[in-house]
Amino acid sequence: MTSTEADTRRADALAAGERFASLESSTDHLELTHEILEWAAQTYGEKLIVASNMQDAVLVKLGAEARPGVDVLFLETGYHFAETLGTRDAVAHVYGVNIVDAHPDQTVAEQDELIGKDLFATDPGQCCNLRKVIPLQRTLANYDGWVTGVRRVEAPTRANTPLVTWDERHSLVKVNPIAHWSDEQMDAYIAENAVLVNPLVADGYPSIGCQPCTAKPAPGADPRSGRWAGFTKTECGLHG
C-alpha cells in the first residue's frame with residue numbers, strides 16, 4: 001500500500017468515525033452497531049476480519065449477520081483453556097464463520113527451549129508479544145479492516161475507544177462496533193439471542209485470556225484484575 005493510499009484510507013476511517021460518533025446520542029446502541037458493521041462489510045468485503053478471544057460470540061454473531069462467512073481471527077497462543085478452544089469450535093459451527101487461527105513462530109515447547117520455561121511467569125509482556133502481538137500483526141497484514149470487541153467500560157485504558165479509527169500500528173482501519181455498549185446491554189443481548197458464551201464466564205471468569213495468566217477476580221474486584229495477577233501489566237498489547 002502506497003503512502004497516498006494509506007492517507008486516503010486513514011482520512012476515510014476518521015471521517016466514518018466522526019459520522020458514527022455523531023449518532024451515538026440519538027441512535028439505539030444495537031442499531032448503531034448494525035450500521036457500523038454494515039458499512040464495514042460493504043467497504044472492505046473479504047478484506048475484513050473480526051477478532052475474537054472466544055469469551056462470547058456477540059461480536060462474531062453481529063459480524064456474521066453483516067457478512068455471512070466472515071473471517072474470524074483467533075490468536076492460538078498454545079496456552080488457552082480447553083473451554084476457550086471448545087467455544088471457538090462451536091462458534092465456527094453455529095455461526096458459519098471462517099476461523100483464522102494465528103499461530104506464534106514457536107510452539108510452547110520450542111519457546112521454552114529457546115527462551116526459558118514459562119516465560120509468562122517471568123516476563124509476561126515478552127510472552128504476549130511473541131504469542132499474540134506478532135501473530136496479530138502478521139495476520140492483519142492480509143486485511144484492510146479489523147473488527148474488535150473492545151468496550152469502553154472494560155478498563156480505564158479503553159474509556160475513549162472510538163467506534164471507527166485508523167490503526168497506525170497495523171496500517172488498517174480498526175472498527176469497534178460495540179465500544180459504546182454497557183455491561184447490561186451486553187448481558188441483555190446475550191440472553192435475548194441465546195449467544196454462545198464461554199462456560200468459564202459462568203464459573204467466575206469475567207475476563208478470559210491464556211490459562212496461566214487468568215485467575216478469578218476477588219468478589220467485587222475489577223473484572224480484569226484476574227489478568228496477569230501479581231504484575232502491573234493490564235493489557236496484552238493488541239490495542240496499543
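Buried means under 20% relative accessible area, exposed over 50% and partly exposed in between, with a 1.4 Å probe and protein chains only. The views below show a predicted model, in which local features need pLDDT of at least 70 and side-chain atom pairs count only at pLDDT 80 or more, while totals for chains, interfaces and linings use all residues. Residues are numbered from 1 along each chain as its sequence is written, and side-chain values use heavy atoms, leaving out hydrogens and water.

**View 1. The cysteines Cys 210 and Cys 213.**
The whole structure has zero disulfides (pairs of cysteine sulfur atoms within 2.5 Å). The closest cysteine sulfur to that of Cys 210 belongs to Cys 213 and lies 6.3 Å away, which is too far for a bond. Cys 213 is likewise in no disulfide. With a relative accessible area of 9%, Cys 210 counts as buried. Cys 213 is also buried, at 14%.

**View 2. The six-stranded sheet.**
Helices (H or I, at least four residues) and strands (E, at least two) are DSSP runs, numbered from the N terminus. The sheet is open, with mixed pairing and the strand order β3-β2-β1-β4-β6-β5; two strands pair if DSSP finds at least two bridges between them. At the edges are β3 (98–102) and β5 (164–167), each of which pairs on one side only. From one strand to the next, the twist averages 30°.

**View 3. Strand β2 and its partners.**
Strand β1 (residues 48–51) runs parallel to strand β2 (residues 71–75), and three bridges join them. Ile 49 stands opposite Asp 71, and Ala 51 has Leu 73 as its bridge partner.

**View 4. The covering of β2.**
Five of the five residues in β2 are buried. Asp 71, Leu 73 and Leu 75 are on one side, with Val 72 and Phe 74 on the other. Helix α7 (residues 124–140) lies across β1, β2, β3, β4 (145–147) and β6 (172–175). This helix runs at about 160° to β2; axes are lines fitted to C-alpha atoms, for helices over the stretch in contact (heavy atoms within 4.5 Å), and angles run from 0 to 180 degrees between N-to-C directions.

**View 5. The largest nonpolar core.**
A nonpolar core is a set of buried Ala, Val, Leu, Ile, Met, Phe, Trp, Tyr and Cys residues joined through side-chain atoms within 4.5 Å. The largest one has 39 residues, and Trp 39, Val 97 and Val 164 have the most contacts inside it. Helix α2 (residues 29–44) supplies the largest share, six residues. Beyond its neighbours within four places in sequence, Val 164 touches residues including Ala 13, Phe 20, Ile 36, Trp 39 and Val 175. A second, separate core has eleven residues, among them Ala 51, Leu 73, Leu 75 and Ala 102.

**View 6. Positive phi at Asp 118 and Ala 194.**
Asp 118 is not a glycine, yet its phi is positive, near 55°. Asp 118 sits in the loop between α5 (108–115) and α6 (119–122) and is partly exposed, at 28% relative accessibility. Ala 194, also not a glycine, has a positive phi of about 50°. The loop holding Ala 194 is between α8 (183–193) and α9 (199–202). At 63% relative accessibility, Ala 194 is exposed.
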